[in-house]
Amino acid sequence: MQRRHLLRYGAAGAGALGLMLGVGWWRVDGPGASKPAGQRPLALSAMDFRLTDHEGNEVGPDTLIGRPTMVFFGFTYCPDVCPTTLSDISGWLDDLGDAAAQMNVAFITVDPERDTVEAMAEYVGYFHPAIRGWTGPEDQIARAAEGFRALYERVPTKGGGYTMNHTASVFLFDAEGEHVTMIDYHEPREFAVPKIRRALPEDVEGAT
């Protein structure tokens, strides 16, 4: 399978917009994908999973406690939603200025079969440096998704391949690890950034 093409995050979002008209996008990758209905994510302190980041470090929910956190589930072979969302996140972080350094941002794969540590390192390198790629065994990915109340499934494609159907929203947590809100796919920046600022500690927010 041909590996995905990506430009730097400034161009990735624009390029991805043209792909959104592809057949099956709505059901497989977009807002039509399954979303957890009426289930609030657990607090990070109540989750239990162990993964590996794109630099080979062991990580888990405890890694995220102490700073506001954004988490997004996706995969590196994702044709449109994932690069678009990571480009959006990169833009939000740019808008936060110095406060971006006070945030955790984790991109957790739902396709660990293909998304090795090396693949995640290459992929997140196209986006804002604050974004960390997380991967690991399938059972640990499933435990992470369960805690966040994220849904995903493997979807066969023609030719014997597959893609992944997954929750397309960004999960936002405060520094104590409590869930604050969701940022929807393609939510306008003028709505998304104020949500993130509300999750920042007052001293950090006031310094931006």
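Which residue's side chain meets that of Asp95 in a salt bridge? The partner is Arg189, with N and O 3.2 Å apart. Keep in mind as you explore that this is a predicted model.

## How H4 and H7 pack

Two packed helices are described by the angle between their axes and the distance between the axes. Here, the axes of H4 (residues 81-96) and H7 (residues 189-199) come within 10 Å and cross at roughly 60°. That makes H4 oblique to H7, and the crossing is right-handed.

Who makes the contact? On the H4 side you will find Gly91, Trp92, Asp95 and Leu96, while H7 brings Arg189, Ala192, Val193, Ile196 and Arg197. Sorted by class, the contact has five nonpolar, one polar and three charged residues.

## Other salt bridges

The structure holds nine salt bridges. One of them joins Asp53 and Arg132, whose closest N and O atoms are 3.2 Å apart. Asp53 belongs to strand S1 (residues 51-53) and Arg132 to strand S5 (residues 131-135), and the pair links parts of the chain 79 residues apart. Asp53 counts as buried because its relative accessibility is 5%, whereas Arg132, at 23%, counts as partly exposed.

Now look at Lys195 and Glu187: their side chains meet in a salt bridge of 2.9 Å, N to O. Both Lys195 and Glu187 are buried.

Note on methods. Residues are numbered from 1 along each chain as its sequence is written. This is a predicted model: local features need pLDDT of at least 70, side-chain atom pairs count only at pLDDT 80 or more; totals for chains, interfaces and linings use all residues. Side-chain values use heavy atoms; hydrogens and water are left out. Axes are lines fitted to C-alpha atoms, for helices over the stretch in contact, and angles run from 0 to 180 degrees between N-to-C directions. Helices (H or I, at least four residues) and strands (E, at least two) are DSSP runs, numbered from the N terminus. Angles under 35 degrees count as roughly parallel, over 145 as roughly antiparallel, 65 to 115 as roughly perpendicular and the rest as oblique. A crossing is left-handed if the near helix is turned anticlockwise from the far one by less than a right angle, and right-handed if clockwise. Contact means heavy atoms within 4.5 Å. Ala, Val, Leu, Ile, Met, Phe, Trp, Tyr, Cys and Pro count as nonpolar, Asp, Glu, Lys and Arg as charged, and the others, Gly among them, as polar. A salt bridge is a side-chain nitrogen of Lys or Arg within 4 Å of a carboxyl oxygen of Asp or Glu. Buried means under 20% relative accessible area, exposed over 50%, partly exposed in between (1.4 Å probe, protein chains only).
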